[in-house]
Amino acid sequence: MEKETYISDFNRDSIHTILLNNKEDEIEELFKMALNTRQEHCGSYINLRGIIEYSNICKKDCYYCGIRKDNGYVKRYQLTEDEVIASAYQALENGLGSIVIQSGEQSSKEFILTIDRLIQKIKKLSNNKLGITLSCGEQSEETYRRWFESGAHRYLLRIETSNEALYKKLHPDNLHHSYFARKNALEAIKKTGYQTGSGVMIGVPFQTPEHLAEDLLFLRDFDVDMVGMGPYVEEQNTPLYLYSAGLPSLQQRFVLSMKMIALLRLMMPNINIAASTALDAVNKEGRFEALKAGANVLMPNLTPAKHMQNYSLYNGKTRLSDNCQSLLNEAARFASSAGDKLRFNQWGDSRHYLLRTNKHEEVLK
Ligand code: 5AD
């Protein structure tokens, strides 16, 4: 049996020191160690998920987010069930063994039932071949259970920041945006039995390297199975845009994000870490670079083209070149230069989850 090998001497101070270290050769060394650790504990391959951005309708008003409720400049959309199904077929055709259904947060009965129906339909049409991750925000335990029982097996809910005071600066102060409710939701997701994912934004206004060090310790102590984290990219029509002037440059936020990914890989060798899309907003090969610095999940976007531009979380999110096939071709080229292969037609579960839930036989597959 594989042993959990947390490196125990990561603490607030040692992480902080690494985050502040700007010596290029040492940063390169960190990335290389993270790549080696990932290859040793997760294998020399990149897991794939097709992401389907179901709707940009959102009841929340997070100060950083382009699709916040009060942003009147956004053209709102919701995919039809047929559009979601077509995207799921596209995942199958492209050999993506898994999809993510992501959405702005809604809690109407209709929303809950539609997602539920979609999960069941996709499981059926794919003969259970497609794994399903959900990223649909804070929901009741009952809803999490309903979706789990219908066949979704992973859930991603970013904590955004693990620091309560910073959380309050990034969100309106009301019941819809409670730090504790978010943490409780994350607990409920885990309790339901999902492979549980979380993550943070890196380089947001008011955030310090100490906050980021605490974020990594939070993710470790929560014992997450998967992580998606990436740079904050300012979006014009949001309240936080006013604080853009004092921010580190986009390039600095990019490097900081890469260091966060690499450090987390060393702290949690067998979790799944996504190369988040926001990395590409800074550097057009950003996601590929992350795959050489500890990340092991790539998520081509399968949202129908006519809606893609409206899922505008931040400036420059949508690139016309984000065509699934060309992204996969380029990714394969990059991956092979690090000795990795893209892993087609597999769910690509988190080894961390399989071990923590004693599904050891599946780890051997
Ligand atoms: N920059 C980077 N990431 C953002 N997100 C939302 N707004 C931004 C932004 N301006 C991220 C949040 C959310 C995910 C869907 O997108 O972390 O959880």
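On a 1 Å grid over the protein atoms alone, a pocket is an open set of points where a 1.4 Å probe fits, with protein on both sides within 12 Å along at least five of seven lines, and its lining residues have an atom within 4 Å of a point. The model examined here is predicted, so that local features need pLDDT of at least 70 and side-chain atom pairs count only at pLDDT 80 or more, whereas totals for linings use all residues. Residues are numbered from 1 along each chain as its sequence is written.

The second largest pocket is lined by 19 residues, with Leu19, Pro209, Pro248, Gln252 and Leu256 nearest its centre, and holds about 350 Å³ of space, a volume being that filled by probe spheres set on the points. Helices α1 (12-20), α8 (209-222) and α9 (250-267) each contribute at least two lining residues, helices being DSSP runs (H or I) of at least four residues, and α9 provides the largest share, five.

The largest pocket, of about 470 Å³, has 24 lining residues, of which Trp347, Gly348, Asp349, Leu354 and Glu362 are the closest to its centre. In this lining, α14 (351-356) gives the most, with three residues.

Elsewhere, the axes of α3 (residues 81-93) and α4 (residues 109-125) come within 10 Å and cross at roughly 35°, where axes are lines fitted to C-alpha atoms over the stretch in contact and angles run from 0 to 180 degrees between N-to-C directions. The contact (heavy atoms within 4.5 Å) involves, among others, Val84, Ile85 and Leu92 of α3 and Leu118, Ile122 and Leu125 of α4.

Methods. Side-chain values use heavy atoms; hydrogens and water are left out.
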